Amino acid sequence: MARNKYPEETVEKILTAARKLFLEKGYEKTTIQDIVDQLGGLTKGAVYHHFKSKEEIMDAITEKMFLDSNPFEKVRWRKDLSGLEKMKEVARLTQEPDWSSLSRQSMPLLKNPRLLAKAIEDNQTIVTPLWLELIEEGIADGSIQTEYPREVAELLTLLDTLWMSPTIFPATRGNLLHKFRCVGEIFKNLGVPVIDEEMLELADKYFQLMPPEFG
């Protein structure tokens, strides 16, 4: 008889329990044993059968959140928004409480070379084409004027993953907001004014909630 007849259900239980704990206690303060204690009889061995580490669990949670609540899909068919407005709405959606909380808590994971490499690869293969789609839509509807659509899409993901991450480039909250303004100027000069005052206000609120070690 199989040891685990429904492995996908076990994975779902682990991710659900871990996400709840990460949001309530914080990623750093949550242990594997804490997660096991929420699983109603499953053992630590069952968790390690599916995930080698807590880092892998967080990585799986963020990937699942993106697939389940893909902000690009939420704006794709909206006829009331221009391409540029869709880009701004995607940015706004990623600032919603669960998204932003897990995003902040996952920053230390980028110290792990394997997870950093995976984040860069995912951004290159998944997120960059989605930004490019919106930029090209903006060019078609006149809300964006740029000669560098692909380069802008690549820069968006590259700067977000690397330069704006205080795990990789140490920065205080104030430094991060200043860098975000700089990013806005870069894209404005490239013909994609996606960062306006509303975006700056959202970013400021996000940075104010950063863990103390980043501030």
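This is a predicted model: local features need pLDDT of at least 70, side-chain atom pairs count only at pLDDT 80 or more; totals for chains, interfaces and linings use all residues.
**Ground rules.** I number residues from 1 along each chain as its sequence is written, and I leave out hydrogens and water, so side-chain values use heavy atoms. Local features need pLDDT of at least 70 and side-chain atom pairs count only at pLDDT 80 or more, while totals for chains, interfaces and linings use all residues.

**Entry 1: H8 against H9.** I started with helix H8 (residues 113–141) and helix H9 (residues 149–163). Helices here are DSSP runs of H or I with at least four residues, numbered from the N terminus. The axes come within 8 Å and cross at roughly 140 degrees. Axes are lines fitted to C-alpha atoms over the stretch in contact, and angles run from 0 to 180 degrees between N-to-C directions. H8 and H9 are therefore oblique to each other. My classes: under 35 degrees is roughly parallel, over 145 roughly antiparallel, 65 to 115 roughly perpendicular, and the rest oblique. The crossing of H8 and H9 is right-handed: the near helix is turned clockwise from the far one by less than a right angle.

I then listed contacts (heavy atoms within 4.5 Å). On the H8 side I found, among them, Leu-116, Trp-131, Ile-135 and Ile-139. H9 contributes residues including Pro-149, Val-152, Leu-156 and Leu-162. The residues of this contact of H8 with H9 divide into 13 nonpolar, four polar and two charged. For the classes, Ala, Val, Leu, Ile, Met, Phe, Trp, Tyr, Cys and Pro count as nonpolar, Asp, Glu, Lys and Arg as charged, and the others, Gly among them, as polar.

**Entry 2: the loop between H8 and H9.** I looked up Thr-146, which sits in this loop. Is Thr-146 buried or exposed? Thr-146 counts as buried because its relative accessibility is 13%. The cut-offs are under 20% relative accessible area for buried, over 50% for exposed and partly exposed in between, with a 1.4 Å probe and protein chains only. The side chain of Thr-146 reaches the backbone oxygen of Leu-190 at 2.5 Å. A polar atom of that Thr-146 side chain also lies 3.1 Å from the backbone nitrogen of Tyr-148. Not counting residues up to four places away in sequence, Thr-146 touches Ile-135, Ile-139, Val-152, Leu-190, Gly-191 and Val-192.

Ser-143 is in the loop between H8 and H9 too. Its side chain makes a polar contact of 2.7 Å with the side chain of Asp-141. I take a polar contact as a pair of N or O atoms within 3.5 Å; within protein, one must be able to donate a hydrogen and the other to accept it, and residues adjacent in sequence count only if both atoms are side-chain atoms.

**Entry 3: Leu-84 and H6.** Leu-84 is in helix H6 (residues 83–93). At 10% relative accessibility, I count Leu-84 as buried. Its C-alpha atom is 7.8 Å from that of Pro-193, 109 residues apart along the chain. Beyond four places in sequence, Leu-84 is in contact with residues including Ser-143, Ile-144 and Pro-193.

H6 and H8 pack at about 150 degrees, with axes 7 Å apart. H6 and H8 are therefore roughly antiparallel to each other. By class, I get six nonpolar, two polar and three charged residues in the contact of H6 with H8.

**Entry 4: H9 against H10.** The axes of H9 and helix H10 (residues 173–189) come within 12 Å and cross at roughly 170 degrees. H9 and H10 are therefore roughly antiparallel to each other. The contact of H9 with H10 has eight nonpolar, no polar and one charged.

Technical notes:
Helices (H or I, at least four residues) and strands (E, at least two) are DSSP runs, numbered from the N terminus.
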